[in-house]
Amino acid sequence: QVHLVETGGGLVQAGGSLRLSCTSSGGTLSSYAMGWFRQAPGKEREFVAGIVRWSGSTTSYGDSVKGRFTISRDNAKNTVYLQMNSLKPEDTAVYYCAGRRVSYSSSSVYRSEYEYDYWGQGTQVTVSS
């Protein structure tokens, strides 16, 4: 069973960049389809990005982050990343890493929070204007 931990959040000015990392103890993330979600105060949790297991060859993004954010994975480091560029104040939220154990042959990316089994504790990202 994986225990997900996010790092890399912080305070950044609009237009800046941050890279979030999601690592695991107790499990190998390469066997999991992974996703990033975010939740701003008073708002519902929102899908940010997802990536297929192992190869990471297939990704999906929420409309609000397309072209600015990139999800990737490094299996050797047992880590999934979210590179965030051209940040806007509306990107301010707690960002969560999520994982779903899938079969060896799976090539699916998951966009719904209800499809994920494991969650990290979240990391705060604040973008100032």
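Two residues are in contact, or touch, when they have heavy atoms within 4.5 Å of each other. Keep that in mind as we walk through this predicted model, in which local features need pLDDT of at least 70, side-chain atom pairs count only at pLDDT 80 or more, and totals for chains, interfaces and linings use all residues. Residues are numbered from 1 along each chain as its sequence is written, and side-chain values use heavy atoms, with hydrogens and water left out.

Let's start at A98, which sits in strand β9; strands here are DSSP runs (E, at least two residues), numbered from the N terminus. Leaving aside residues up to four places away in sequence, A98 touches L4, A33, M34, G35, F37, Y116, Y118 and W119. A98 counts as buried because its relative accessibility is 0%, where buried means under 20% relative accessible area (1.4 Å probe, protein chains only).

Next comes C97, also in strand β9. A disulfide, meaning a pair of cysteine sulfur atoms within 2.5 Å, joins C22 to C97, with 2.0 Å from S to S. The two cysteines lie 75 residues apart, so to speak in distant parts of the chain, with C22 in strand β3 (residues 18–25). The link of C22 and C97 is left-handed, with -75° about the S-S bond. C22 is buried because its relative accessibility is 0%, and C97 is buried with a relative accessible area of 0%.

Finally, look at D91, in the loop between β8 (79–84) and β9 (93–101). Is D91 buried or exposed? D91 counts as buried because its relative accessibility is 1%. Beyond residues up to four places away in sequence, D91 touches R38, R68, F69, S86, V125 and V127.

Technical notes:
Helices (H or I, at least four residues) and strands (E, at least two) are DSSP runs, numbered from the N terminus. Buried means under 20% relative accessible area, exposed over 50%, partly exposed in between (1.4 Å probe, protein chains only).
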